[in-house]
Amino acid sequence: MATAKTPTASTAKKRSTTRKRSTSAASKTTTASKNGTAKRSTSSTSAAKNGSAKAAPAKRVTAKKSSSKATASKNGVSKSRKKSGTYSKETYMTWYEMMLRIRRFEERALMHYGQQKIRGFCHVYIGQEAIAAGIESALIPGDNIVTAYRQHGIAIGRGVSTKAAMAELFGKETGIVGGKGGSMHFFSKENNYFGGNGIVGAQIPIGTGIAMAEQYRGTDNLCVTMFGDGAARQGALYESFNMAMTWKIPVLYIVENNMYAMGTSVERTSNVTDLYKIGSAFEMPSEQVDGMRPEAVHEAITKAAAHIRSGKGPYFLEIKTYRYKGHSVSDPATYRTKDELNDYKGKDPVKMTEAKMLKDKIATEEEIKAIKDMIKAEIDEATKFAEESDYPDGSGLYEDNYLQEDYPYIKD
Ligand SMILES: Cc1ncc(C[n+]2csc(CCOP(=O)(O)OP(=O)(O)O)c2C)c(N)n1
Ligand SMILES: [Mg+2]
């Protein structure tokens, strides 16, 4: 067995401080897109064209501002980016398209679950789409993401095609993991997407480890490690936070605080309800973010990523959000009031972004309609693809479980 080299605090610190200083995440992304190295195509039809439904459909959102007045501050965060309403048309169009793609995908998934075409668990991301959009526009191509089981939207944001995602929900062999994972367990190496984890909080040490690997290799990449409010009290979080701060690991922790863990509110399980404050026990920079606006998410991630890439170690964001549906498809969500739900629907990220784009003349009615039509056609196509694909024949049952092909525990 290979012996893992564990960095000591001092070697890790040395590595992290000698790590190349990065320019702002957004400007790096622009360069990467410009030279074509990191460009992801926008629609899944291009994925179909190149013969692979798993190919990346989503373009890396390049958050460009509409005005060139902005000056980059010391840590690479553009000052004017802190004000919303200063992003380019392209950025808004990409945010809107991504959020609408996730919304329509999830609505269709719920429909097919009702028809029993999708079985098992199914946790949808409706209401939380601005988080996926704001994260993607702020990261650079090599960055990684790992999250919990409410993950279809994050995976699609990463670049998993809606075809491969829908086929996975249907349990078909063309699914992103061959139909063996289902709703909770997407995974896509080509998109630096590490799932999809069903055990509450399990991904927190995993994400810390992925980030530690990046530090060990001396790259400029970080790992966004996401979890729900229900995971914020898991012991694994405290151990990971401590290790990450001690070794200055390049990890961005995000708690998506949608106020409930299944049917249990944060108030019932925690004395401290502003979850970002957990970071203070480790002196980890921590902030609370409005998760209903892609602008706010983008700005927070950009700032946090610049801090991490400068070698200063982890950052923690509590992103306040809301899920419109129950915990999973089988939860009628009777533990919360209609008023509470309607209050959040009044801040709906898809509708509010659309309204802003029209009001500020960022896009015309026709352009918005064109995106809606394109997404509808894409989701129709994804459904057809999932329906028409075959179920796995069982021959690959033991594949993809262990790296070692002749893993000793596998018996006839
Ligand atoms: C270790 C562990 N304990 C309990 C469960 C059962 N369980 C599944 S989801 C969940 C609630 C998690 O809520 P939260 O982290 O807030 O995520 P959300 O569903 O709101 O996105 C629980 C307790 C589990 N999967 N793993
Ligand atoms: Mg929750």
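Trainee: How many helices and strands does the protein have?
Mentor: This is a predicted model, in which local features need pLDDT of at least 70, side-chain atom pairs count only at pLDDT 80 or more, and totals for chains, interfaces and linings use all residues. Residues are numbered from 1 along each chain as its sequence is written, and chains are lettered from A and ligands numbered from 1 in the order in which they are written. Helices (H or I, at least four residues) and strands (E, at least two) are DSSP runs, numbered from the N terminus. The protein has 14 helices and seven strands.

Trainee: What share of the 412 residues is buried?
Mentor: Buried takes 20 or more other C-beta atoms within 10 Å of the residue's own; exposed takes 12 or fewer, partly exposed lies in between, and C-beta atoms are placed from the backbone. Of the 412 residues, the buried share is 48%.

Trainee: Why is T91 counted as buried?
Mentor: T91 sits in helix α4 (residues 89-114). T91 counts as buried because the C-beta atoms within 10 Å number 23.

Trainee: What is the strand order in the open sheet of five strands?
Mentor: Two strands pair if DSSP finds at least two bridges between them. Pairing in this sheet is parallel, and the order is β1-β2-β3-β7-β6.

Trainee: Which strands are at the edges?
Mentor: An edge strand pairs on one side only. That holds for β1 (144-146) and β6 (286-290).

Trainee: Which residue is the bridge partner of N144 in β2?
Mentor: β1 and β2 (residues 223-228) pair in the parallel sense over three bridges. In β2, the partner of N144 is C223.

Trainee: At what angle does α8 run to β2?
Mentor: Helix α8 (residues 203-217) has 15 residues. It lies across β1, β2 and β3 (251-257). Axes are lines fitted to C-alpha atoms, for helices over the stretch in contact (C-beta atoms, placed from the backbone, within 7 Å), and angles run from 0 to 180 degrees between N-to-C directions. The angle between α8 and β2 is about 175°.

Trainee: Which residue just after α8 takes a positive phi?
Mentor: Buried residues in α8 include Q203, I204 and G207. Just after α8, a positive phi of about 75° belongs to G218.

Trainee: How do the residues around ligand 1 divide by type?
Mentor: The shell has 14 residues, with R150, V200, G228, G230 and A261 the closest; near means a C-beta atom, placed from the backbone, within 6 Å. Ala, Val, Leu, Ile, Met, Phe, Trp, Tyr, Cys and Pro count as nonpolar, Asp, Glu, Lys and Arg as charged, and the others, Gly among them, as polar. The shell divides into seven nonpolar, five polar and two charged.

Terms used
The expected span of a helix is 1.5 Å times one less than its number of residues. Two residues are in contact if their C-beta atoms, placed from the backbone, lie within 7 Å.
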